[in-house]
Amino acid sequence: MKIDTPKDHNHGALVIEGPCGNGLGERIASSLNHELCPARHKVFPDGESEVGIDADVKGKDVIIVQSTFPNQDKCLIELFIMAHDAKTNGARKITAVVPYLAYAREDKKYKVKSNAVSIDAILHLLSAAGVDALVTAAPHKTKPLASFSGEVSIADAIAPLIDLVKRDVKEPFVLAPDKGASEIAKQAAQILNCDYGVIGKQRDKITGEVSILNKPDVDIKGKNVVIVDDMIATGSTIAAAAQFARSRGAKSVVAAAVHLLLVKDAKERMKNAGISEIYGTNTIQCSIPKIADISASLSAACVKKNAIALR
Ligand code: R5P
């Protein structure tokens, strides 16, 4: 999809593909008709990154594309350094496109006597590094992003993800594995033209074990169930929902999530729970075959088209 670019984005705009850009920088540059410049990058023997921008950024709008997984902290530090480099060298406006934004799940205070929230710290550091605008996708919750000092745009990653599912899955039923995924489920059900249900989940804060609190009264017997979520990390949430779907007589169960972190034995865990296919997007590098490209949505969000409002 080719995106129309407003005039002020057309002059002297530059896309920097960060070391963790997963090829999205190149796609966004081509879609917005901007010049592409891969970031200079090497890792010193002690593990520190040498990263920077070789192009002349003076007076230009710069879009830096850097996802933040795997190795969240390193990817973030590289993003801060690239933004600082662009700002110091006179960039006019810096937009950070962070397809997967690490720490966005950590939006609550964990200690009783503290008000510190991790995502607030990350947003503050982005701003301090010179980032004027932030574009991301499926950030778990959108509200905490409102504490960023600049503009925030959320790209629609659900439409391309579910369009991919739609090609394969007939007679679907959409299941949200927890309340937080209910908006995603609603959108997915609209695209798939089917019903959806929402499970109530609880996670043990110590062991991480997921259990189901509320089982929705849904008729999924003989249906092909699509469990949707913003992300899959350990796969425990999807596995619990898949067991529920199987217990209600689902014909098949697949999982669709925007960010496939798939840590440790996530794939095995979901397979053992009856998941026959996993669908995801290219917000991070991943070896799953069913991957939807969300570069068109990210490009659109860069120019404030079709972006999802903060709630
Ligand atoms: C949390 O509420 C998120 O939306 C996901 O459900 C969760 O992060 C998935 O984690 P895991 O795969 O480890 O259960």
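Predicted model: local features only at pLDDT ≥ 70, side-chain atom pairs only at ≥ 80, totals over all residues.
Which residues in α3 meet which residues in α4?

1. Packing of α3 with α4. The opening question is answered as follows: L76, L79 and F80 in α3 meet I122, L125 and L126 in α4. By class, this contact of α3 with α4 comprises six nonpolar residues, with no polar and no charged ones. The two helices pack at an angle of about 25°, and their axes are 8 Å apart. Because angles under 35 degrees count as roughly parallel, α3 is described as roughly parallel to α4.

2. Packing of α2 with α9. Helix α2 covers residues 24-32 and helix α9 covers residues 295-302. They pack at an angle of about 60°, with 9 Å between their axes. That angle makes α2 oblique to α9. The crossing in which α2 passes α9 is right-handed. On the α2 side the contact is made by L24, R27, I28, S31 and L32, and on the α9 side by S295, L298, S299 and C302. The residues of this contact divide into five nonpolar, three polar and one charged. As background to the spacing of such residues, an α-helix has 3.6 residues a turn, so residues three or four places apart point the same way.

3. Burial of α9. Helix α9 is mostly covered, with seven of its eight residues buried. The buried residues are S295, S297, L298, S299, A300, A301 and C302. Leaving out residues up to four places away in sequence, S297 touches A155, D156 and P160. Helix α9 is followed by K304, which has a positive phi near 60°.

4. The aromatic pair. The structure holds one aromatic pair. The ring centres of F69 and Y100 are 6.2 Å apart and the ring planes stand at 90°, so the pair is edge-to-face. F69 lies in the loop between β5 (61-65) and α3 (72-88), whereas Y100 lies in the loop between β6 (93-98) and α4 (118-128); the pair therefore ties together parts that are 31 residues apart in sequence. Both F69 and Y100 are buried.

5. The cis peptide bond. F69 is also joined to P70 by a cis peptide bond, with omega of about -5°. P70 is placed in the loop between β5 and α3. For context, most peptide bonds are trans.

6. The loop between β6 and α4. E106 has its place in this loop. With a relative accessible area of 31%, E106 is partly exposed. When neighbours within four places in sequence are left aside, E106 is in contact with V117, S118 and I119. For one of these, S118, the separation from E106 is 12 residues in sequence and 5.7 Å in space, C-alpha to C-alpha.

7. Most residues other than glycine have a negative phi. At 28% relative accessibility, N22 counts as partly exposed. N33 lies in the loop between α2 and β2 (35-38), and its phi is likewise positive, near 60°. Is N33 buried or exposed? At 57% relative accessibility, N33 counts as exposed, the cut-off being over 50%.

8. The loop between β7 and β8. P144 is found in the loop between β7 (133-137) and β8 (151-155). Its relative accessible area is 17%, so P144 is buried. P144 and D85 are 59 residues apart in sequence and 27 Å apart in space, C-alpha to C-alpha.

Conventions: Residues numbered from 1 in each chain as written. Heavy atoms only, no water. Axes fitted to C-alpha atoms, helices over the stretch in contact; angles between N-to-C directions. Helix = DSSP H or I, 4+ residues; strand = E, 2+ residues; numbered from the N terminus. Parallel < 35°, antiparallel > 145°, perpendicular 65-115°, else oblique. Left-handed = near helix turned anticlockwise from the far one by under 90°. Contact = heavy atoms within 4.5 Å. Nonpolar A, V, L, I, M, F, W, Y, C, P; charged D, E, K, R; others polar. Phe/Tyr/Trp six-rings, centres within 6.5 Å; stacked < 30°, edge-to-face > 60°. Buried < 20%, exposed > 50% of the residue type's maximum accessible area, 1.4 Å probe, protein only.
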